[in-house]
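Let's take a look at the pockets in this model and at what surrounds the ligand. The structure comes up next, and the notes follow it.

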Amino acid sequence: MEFIDLKAQYERIKDDVRRRIDAVLEHGKFIMGPEVYELEERLADYVGVKHCITCASGTDALLLPLMAKNIGPGDIVFTTPFTFIATAEVIALLGATPLFVDIDPHTYNIDPKKLEEAIINVKNGIYPTTYYTEDMTPKAIIAVDLFGLPADYTAIEPIAKKHGLYLIEDAAQGFGGSIDGKKAGSFGDVAATSFFPAKPLGCYGDGGAIFTDDDGLADIIRSIRIHGKGTDKYDNVRVGINGRLDTLQAAVILAKMVIFDDEVEKRQQVASWYGETLRGTIKKPFVADGYRSAWAQYTVRTDNRAILVSKLKDVGIPTAIYYPKTLHLQTTFERYRYVAGSLPLGEEASMQVFSLPMHSYLTLDQAEGIAQAITD
Ligand SMILES: *Cc1c(COP(=O)(O)O)cnc(C)c1O
């Protein structure tokens, strides 16, 4: 059994993928070829925003919007400690300071009430650790759609507006999800997603995309993506990066877009099968009314994780732990002076959660078998 079955997906789309890759090999426009622009149009339409700017990875998709607002030394960016390292790494890379806000223990996403408290505290000179000083200015928020479930943007968007903060949606896992029909990738001032192979919409290498309705912001991000270019590539008006998406990867994603909605629907089905069969003390994922998860992961919770995971392994069921260590306790972030107990809800979740196999090609028998093994 596979944790995420990319082989079964490939069997389904093989002819289309090969035809599209062949077309790129024939026309030879490997950098910013026509497939890149076609994909950007398709993705913007899909999400329902004006601009999609593809880029080299989900990490660059977070970095570019921060660079576009000149976020750097002295700036505070509020974010969650329970996420992949990239979310906070880009903040640190620019010399800005992440300020970690604890999670809602039901959704595992940033808690909007705690977020507003943290913002008000900073404005009043009250800080989570001795690292933070009054020379630092709150500038932005990065909210994460963890495991595929959009963060609570209904609460977060007004908080960002009220306090004049730039809001970035990290939809690397959320792409394909929605709130009341509004798609992940459309929340905040700008959103980032990843096409890493194991994400809900993956390519065959690294890739990412940025979404926004803001024309000016989109122009700046397009420039930074290609070495800060101005009117042409040898006119450079700002410091940028080499952050383009390969044409070959764009061709692969175009083929996967054809089946994407069907795949999200099938993952929804697998989640329902798990939910209906799991019994006992295991805590199932919580999805509030109006929310749709992209089910990047199906994550359950127990205070007996080590035993359960090893017994599942014995019967051939693969599991994974996202994430065993919260970001505020990572060695690289020791400089921010958080300690064990600083963010208890995120820390407790990191010790209790694990994820079950989740992909569109799991059968009813397999899902019921996994859920039954856990229940037993
Ligand atoms: C995967 C991921 C990223 C980074 O994406 P890459 O394409 O691997 O650079 C960022 N944030 C979250 C929440 C992710 O899951």
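## The second largest pocket

Helix H9 (305-314) gives the largest share of the lining of the second largest pocket, with four residues. Helix H11 (364-375) also supplies two or more lining residues. Helices here are DSSP runs of H or I, at least four residues, numbered from the N terminus. A pocket is an open set of points on a 1 Å grid over the protein atoms alone, where a 1.4 Å probe fits and protein lies on both sides within 12 Å along at least five of seven lines; lining residues have an atom within 4 Å of a point.

About 290 Å³ of space lies in this second largest pocket, a volume being the space filled by probe spheres set on the points. It has 15 lining residues, and Leu308, Ala373, Ile374, Thr375 and Asp376 sit closest to its centre. By type, the lining splits into seven nonpolar, five polar and three charged residues. For that count, Ala, Val, Leu, Ile, Met, Phe, Trp, Tyr, Cys and Pro are nonpolar, Asp, Glu, Lys and Arg are charged, and the others, Gly among them, are polar.

## About the model

This is a predicted model, with residues numbered from 1 along each chain as its sequence is written. Local features need pLDDT of at least 70 and side-chain atom pairs 80 or more, totals for chains, interfaces and linings use all residues, and side-chain values use heavy atoms, with hydrogens and water left out.

## The largest pocket

The largest pocket holds about 460 Å³ of space. Its lining has 23 residues, with Phe84, Ser194, Phe196, Lys199 and Tyr323 nearest the centre. H3 and H4 each give two or more of them, and H3 has the largest share, three residues. Eleven of the lining residues are nonpolar, nine polar and three charged.

## Around the ligand

Where does the ligand sit? In the largest pocket, going by the rule that more than half of its atoms lie within 2 Å of the grid points. There are 16 residues around the ligand, and Gly58, Thr59, Asp170, Ser194 and Lys199 come nearest; being near takes a heavy atom within 4 Å. Helix H3 (58-68) and helix H4 (86-93) each supply at least two shell residues. The shell divides into six nonpolar, eight polar and two charged residues.

Now for the polar contacts, pairs of N or O atoms within 3.5 Å. A ligand nitrogen is 2.7 Å from a side-chain N or O atom of aspartate 170. Ligand oxygens come in at 2.8 Å from the side chain of glutamine 173 and 2.6 Å from that of lysine 199.

Conventions:
Polar contact = N/O pair within 3.5 Å; in protein donor to acceptor, adjacent residues only side chain to side chain.
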